[in-house]
Amino acid sequence: MTKSKDNNTEERILEAAKKVFLRDGLQGARMQDIADLALINRSMLHYYFRDKKMLSHQVMKSVISQFIVTFKENLNSDLSFEEKVDNYIEAEIDLAYNNSDMLIFALHEASKDPDFFKKIINNKHSTIFRMQVKEAYEKGEIIMKDSEEFVIMISSLCMFPFIAGPLYMMIFRWDEEKWQSYRSVLRKNLPKWIKQAIFK
């Protein structure tokens, strides 16, 4: 009889792995440390995830899963293009605001493994997305003529302010409390600034 996997155990593993990856990086992370933090033995950990690379992909999938669900629902909805952009911006900001440390980790790993994100994100909806962006450009609604330019601009404006927190703290000599306070201001004001940058 095949042993079934328990969702609670898997969640504990993912949370433990996230903490260890952020602390030690993928290369420095040890499966034994993750097992200890998840309160399971190492053989049980390998039953769920055969190696730490597979585990790192699953951790990132869990981080961006809600963004992907929102993106798909938004893309296939009957909303206007501007409403879809509003939702897209909000989802990207929430992803960066709530997971800036994990995004830094993922970007670092992707710099060493070009296929890192390919194993996490499925691009099967990209054709529909390209068509919608192209149509909005041809109608004169936005300044970007293709989906690549659209994604790069919006992602940069949504994510960089939160990922670059340590840099801003150094430049402005802010403490953690001041930075956390300003993060909330950014989260509130960014959607308006981004829309001003992309809509004609």
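Beyond its neighbours within four places in sequence, Ser155 is in contact (heavy atoms within 4.5 Å) with Tyr88, Glu92 and Phe160. Ser155 lies in helix α7, helices being DSSP runs of H or I with at least four residues, numbered from the N terminus. Because its relative accessibility is 17%, Ser155 counts as buried, a class defined by under 20% relative accessible area, with exposed over 50% and partly exposed in between (1.4 Å probe, protein chains only). The model is predicted, so that local features need pLDDT of at least 70 and side-chain atom pairs count only at pLDDT 80 or more, whereas totals for chains, interfaces and linings use all residues. Residues are numbered from 1 along each chain as its sequence is written, and side-chain values use heavy atoms, with hydrogens and water left out.

Phe160 is also placed in helix α7 (residues 147-163); at 46% relative accessibility, it counts as partly exposed. Together with Leu167, Met170, Ile171 and Phe172, Phe160 forms a nonpolar surface patch of about 520 Å² accessible area. Helix α8 (residues 165-172) supplies the largest share of this patch, four residues.

The largest nonpolar core comprises 59 residues, and Ile13, Phe21, Ile34, Leu55, Met60 and Phe150 have the most contacts inside it. Such a core is a set of buried Ala, Val, Leu, Ile, Met, Phe, Trp, Tyr and Cys residues joined through side-chain atoms within 4.5 Å. Helix α5 (residues 81-112) gives the most to this core, 14 residues.

Technical notes: Patches are made of residues with over 30% relative accessible area and no salt bridge: like charges are joined within 9 Å, nonpolar side chains (Val, Leu, Ile, Met, Phe, Trp, Tyr) within 5 Å. Accessible areas come from the Shrake-Rupley method with a 1.4 Å probe; for residues, only the protein chains shown count as cover. A salt bridge is a side-chain nitrogen of Lys or Arg within 4 Å of a carboxyl oxygen of Asp or Glu. Helices (H or I, at least four residues) and strands (E, at least two) are DSSP runs, numbered from the N terminus.
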